[in-house]
Amino acid sequence: MSSRFRDKPTSESKRRSQKPHHSEPPMPNYPVEAIPSPFSDAARGLSDSELRETAYEILVGACRSSGGKPLTYIPQSERNGERSPSPAPAGSSASLQRSLTSTAASKVKKALGLKSSGRRRNGGESSGQERVKRAVTTGELVRVQMRVSEQTDSRIRRALLRIAAAQLGRKIESIVLPLELLQQLKSSDFPNQQEYQVWQRRNLKLLEAGLLLYPHMPPDKNNTAPQRLRQIIHGALERPLDTGKNSESMQALRSVVMSLACRTFDGSVSETCHWADGFPLNLRLYQILLEACFDVSDEASVIDEVDEVLELIKKTWVVLGINQMLHNLCFLWTLFHHFVATGQMETDLLLAANNLMLEVEKDAKAAKDPNYSKILSSVLSLILDWAEKRLVAYHDTFNSDNTESLEGVVSLGVLSAKLMVEDLSQEYHRRRKEVDVVSDRVDTYIRKSLRAAFSQVMEQVKYRKRSSKNQPNQLPLLCILAQDVSALAFSEKAIFSPILKRWHPHAAGVAVATLHSCYGNELRQFASGIAELTPDAIQVLRAADKLEKDLVQIAVEDSVDSEDGGKSIIREMPPYEAEAVIANLVKSWIKTRLDRLKEWVDRNLQQEVWDPQVNRERLAPSAVEVLRTVDETMEAFFLLPIPVHAVLLPELITGIDRCLQHYILKAKSGCGTRSTFVPPLPALTRCSTGSKFNGVFKKKEKLQVAQRRRSQVGTTNGNNAFGIPQLCCRINTLQHIRTQLEVLAKRTMTLLRNSESANVNDITNGVGKVFELAAASCVEGIQQLCEAIAYKVVFQDLSHVLWDGLYAGEVSSSRIEPFLQELEQYLEVISSTVHDRVRTRVITDIMKASFDGFLLVLLAGGPSRAFSLQDHEMIEEDFKFLTELFWSNGDGLPDDLIERFSTTAKGVLPLFRTDSENIVEQFKCLTLESYGSSAKSRLPLPPTSGQWSPTEPNTLLRVLCYRSDETSAKFLKKTYNLPTKL
């Protein structure tokens, strides 16, 4: 038996205390933390050192009990001498004589994925100096590992020899070791009485823990033994127990202890004593034994001799009630605890714990023992709590330098969760098809950690903003936040998502969906406070739009191989609609600007006097200001830092177009048209025979007629705003607007091309339609104003020399010369005032109005006018003078233009030299052609069309009405009974 502890030589007796120093790169240093043990309450009255000594006693006893050699006690001095290199005793087996240094590579380490201690420390073979160290036995190695002194070890061996001598042949499991030790060791075996009393109290407390507090089998309520044992122990704690073989107290103690230790569930007699195999005391003691597998001078390292040490430790199973399942569970906790307690620097331990967790997972599926399930739940809960504390904020714990640790912690966490839910949860079995434990857990880790990381980023951004609040041109907080969140997302994708994807198919997608939601909350809060378009608002919304595109891109790339193509993740990311918010803000901005522009137009038009003398261009100052404001508005629009200029430009252009159209309509409003100034045609009359020659009017009557004619002329507001110079100013204004619209359109397209808009070509193709309402209104307004000037000059301003004077009474005494003289003055004023590009149009309209006025005098001049055949020469000569005025010796209007507009007059004038009989016949023929046979009995009165022509019945009739001869008068009297005066 002793050979297990003394006959196994090695060359590494002091290798732990003489650990070589190596220059290694610094490892990440994590705070060492204490975590509760699932077995820590098993012996609250016993210290770790006391439990360690107890565990060592059990180990030594178990090894001696299982050996084949007879027990012999070797004094300490001889044992010390035994360490010198010498042949092993001949009676030992070959396996027990094997040197520890010659042991093959550890199978346990290989199975758990652990590197050898030598490779972990220096990456190669141990030094020569270390190889020649004197050999020790495996038992000696365990003693050193368990921090048991040689003196204590010697006392324990001495006691076990005495026990073996007293109970020859009995195995360790058939005795209550603390009871036997109490009887075999006396105060003389200890350095002093006080140490002995401490040792005695420790064994009594151990009996209390194993038989009363955590018994293998719950005591019977009717059994008084527990109460008696409790009284003996409490008495002994106050007064040292007499442990003599024949003492009553010792006999009483043995009696009650054995009665409790030898109980069985079926009531049969058992040779096995149950004093250290109750849960969780047995696991606490076993955990202490497993601690011997870790280097006493480097607790993060599992010793290379772990196979031999575990071989010895497993001999205690029979005493502690341990099996392979409990061993795996306890060893799992021990590996995990050492990883945590040593600062989480040795990822080998984490890997080993994960590998052992896979074994525990298999065990759990086959486990039927409720005690095992309870302990398993306790262990898994502690591991899961520790892992989740890091995983719900893994950004605080892990980085690109320790992703291996992250992988191990995630694996440990999800395996623990899976075991707890799938093997220990009844609820899971009811909802099995609905739950994916691993994916759900990792999903939770990702979301919680990203939310925590987002909050940290938010706080950092706020701090940076506060620190740099006095610096100019700072970005808004949410812009900086968007940049940092984007960086966080890409970092997540590069560092953590590839690892987490092992357990969650959409790891990166879930991460960016979480960040999208977090930033979205901040953005919605910001957007709710936006009342108008500001540079900060635009910057934030654009930053949000860019961030969203980055996040969606990551989600899409992450979901390429997924079953639903990432639709589930995208559904979690409702669009920020930043572009829509920007568009709405810009629309509001456009509406505000357009409202101000229209208001400004109305206010300035009310103050406008249309004086052509106020500036060199002879146009309205209000138009200059309107166009300047339009240009400023357009420039301000393109200065907006938005990506949607091309989309919203049509709305702005349409609004400006309508404002300019409004200005143009107001500018021409009230200026009149042709019908405003052309007098209404008087009723048809006939001339009395000889009336022309007898002087139809006296001077007084002529004045009255002139006054009556003036009252018939359409007039406008007498305000100077509608004088001829003012009308010219209005024309110049509209012409200026028309020209500037083309400039503005080209400038707009240039600004658009220089903007960030992506669809410039779509807008550029429609340049011709820009400001089309205003352009059309300008053309129409110029046309109307030119016509208004022309007919105002001819029929209103010169009515006294045309309508009231020309050919009134005697033709020879009322020729066209006065009209031409005054008209020429008007033409000079208009030519010097109106814009060059409109001048010809205005003069042409005046010429046309003059021709219309000339014909109107001839064909609708009223009873004051009568013409004879002899007057035709003067009339034709006057018309020639009129056309020459506009030709102006070649400096005026072009011949072809004069010819085109004089065609009507030249067609009508020959009628004035045609005799009345021919005209009557022509009139009858044309009327019959127009009305057919119904006109034979009585000729109908032809309507006035206003389109004078020698082939038009009404024109012929009017020539007859103003013909001063008997033929005409009789025909008109007989056919239509026309009066001779109004």
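1. Two aromatic rings of Phe, Tyr or Trp count as a pair if their centres lie within 6.5 Å, and planes over 60 degrees apart make the pair edge-to-face. In this predicted model, ring pairs link Tyr807, Phe851, Phe854, Phe867, Phe879, Phe886 and Phe912 into a cluster. The count of aromatic pairs by this rule comes to 20.

2. One of these pairs is Phe867 with Phe912: the ring centres are 5.7 Å apart and the planes stand at 90°, so the pair is edge-to-face. Phe867 lies in the loop between α37 and α38 (872-887), while Phe912 lies in the loop between α39 and α40, so the pair ties together parts that are 45 residues apart in sequence.

3. As background, nonpolar side chains tend to be buried together in soluble globular proteins.

4. What does Tyr519 touch, leaving aside residues up to four places away in sequence? The contacts of Tyr519 are Phe454, Leu478, Leu481, Ala482, Val540, Ala544, Leu547 and Tyr576.

5. Leu648 lies in helix α30, residues 645-668. The relative accessible area of Leu648 is 3%, so this residue is buried, the cut-off being under 20%. For Leu648 and Val586, which are 62 residues apart along the chain, the C-alpha atoms are separated by 7.8 Å.

6. Helix α41 (residues 953-961) has nine of its nine residues buried, so the helix is largely enclosed by the rest of the structure. The residues concerned are Pro953, Asn954, Thr955, Leu956, Leu957, Arg958, Val959, Leu960 and Cys961. Which helices do they pack against? The partners are α37 (836-860), α39 (895-908), α40 (916-931) and α42 (966-976).

7. Helix α10 (residues 177-184) is mostly covered, with eight of its eight residues buried. These are Leu177, Pro178, Leu179, Glu180, Leu181, Leu182, Gln183 and Gln184.

8. Asn328 is found in helix α17, residues 324-341. With a relative accessibility of 6%, Asn328 counts as buried. Not counting residues up to four places away in sequence, Asn328 touches Leu356, Glu359, Val360 and Asp363.

9. How many cavities of 30 Å³ or more does the structure hold? There are three. Leu211, Pro215, His216, Met217, Leu260, Ala261, Arg263 and His274 form its lining. By type, the lining residues of this second largest cavity divide into five nonpolar, two polar and one charged.

10. Some backbone features deserve a look. The peptide bond from Phe279 to Pro280 is cis, with omega near -5°. Pro280 sits in the loop between α13 (248-261) and α14 (281-290).

11. Positive phi values also occur in residues other than glycine. Glu577 has a positive phi of about 55° although it is not a glycine. The loop that holds Glu577 runs between α27 (567-571) and α28 (578-607). Arg618, likewise not a glycine, has a positive phi near 55°. Arg618 lies in the loop between α28 and α29 (621-639). The relative accessible area of Arg618 is 32%, so this residue is partly exposed.

Technical notes. Residues are numbered from 1 along each chain as its sequence is written. This is a predicted model: local features need pLDDT of at least 70, side-chain atom pairs count only at pLDDT 80 or more; totals for chains, interfaces and linings use all residues. Side-chain values use heavy atoms; hydrogens and water are left out. On a 1 Å grid over the protein atoms alone, a cavity is a set of points where a 1.4 Å probe fits but cannot get out, and a pocket is an open set with protein on both sides within 12 Å along at least five of seven lines; lining residues have an atom within 4 Å of a point. Grid points are joined across faces, edges and corners, and a volume is the space filled by probe spheres set on the points. Ala, Val, Leu, Ile, Met, Phe, Trp, Tyr, Cys and Pro count as nonpolar, Asp, Glu, Lys and Arg as charged, and the others, Gly among them, as polar. Buried means under 20% relative accessible area, exposed over 50%, partly exposed in between (1.4 Å probe, protein chains only). Helices (H or I, at least four residues) and strands (E, at least two) are DSSP runs, numbered from the N terminus. Contact means heavy atoms within 4.5 Å. Rings of Phe, Tyr and Trp (its six-membered ring) pair if their centres lie within 6.5 Å; planes under 30 degrees apart count as stacked, over 60 as edge-to-face and the rest as tilted.
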